[in-house]
Amino acid sequence: MVQKWPHQVTLNAPPFTIQGSLHLLRETSLRDALLSLRQQFLPITSAEAIYLPTGQRFSGSIMIVNRIRIEAFFPSATPSATPGVTEV
């Protein structure tokens, strides 16, 4: 098993803005993750999406985001000190 930590992120994937947690190895920066992650879809946990044209909000325990749609990606807070455990 590999321990991963939630990194709080904000994604702009028009017409949505999405906030939530992307789980990465503790030592991995978001920049490095974007360059090295090969999967087409990113799982974002504890997620909230805002549909920009209307401001309507959606939330869920997990949202799957297509990387091709992401135009901006940035941290929204400091990574959590408590790891989640993910099996590899």
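**The nonpolar core**

In the largest nonpolar core, which has 15 residues, the members touching the most other members are Val9, Leu11, Ile18, Leu22, Ile44 and Phe73. At least two residues of this core come from each of strand 1, strand 2 (16–24), helix 1 (30–36), strand 3 (41–51) and strand 4. The most comes from strand 3, which gives four residues. Bear in mind that this is a predicted model.

Leaving out residues up to four places away in sequence, Ile44 touches Val9, Leu11, Ile18, Gln19, Gly20, Ser21, Leu22, Ser61, Ile62, Met63 and Val65.

Next, Ala13, which lies in strand 1 (residues 2–13). Is Ala13 buried or exposed? Its relative accessibility is 6%, so Ala13 counts as buried, the cut-off being under 20%. Beyond four places in sequence, Ala13 touches Arg69 and Ile70. Asn66 is 53 residues from Ala13 along the chain, and their C-alpha atoms are separated by 8.6 Å.

Now confidence. The average pLDDT for the chain is 84, and 86% of the residues score at least 70. Which elements have the highest and the lowest mean pLDDT? Strand 4 (residues 56–66) has the highest, at 96, and strand 6 (residues 84–86) the lowest, at 45. Over residues 79–83, pLDDT stays under 50. The model does have 12 contacts beyond four places in sequence for residues 79–83.

Notes: Residues numbered from 1 in each chain as written. Predicted model: local features only at pLDDT ≥ 70, side-chain atom pairs only at ≥ 80, totals over all residues. Heavy atoms only, no water. Buried < 20%, exposed > 50% of the residue type's maximum accessible area, 1.4 Å probe, protein only. Contact = heavy atoms within 4.5 Å. pLDDT = per-residue confidence, 0-100. Core = buried A, V, L, I, M, F, W, Y, C linked by side-chain atoms within 4.5 Å.
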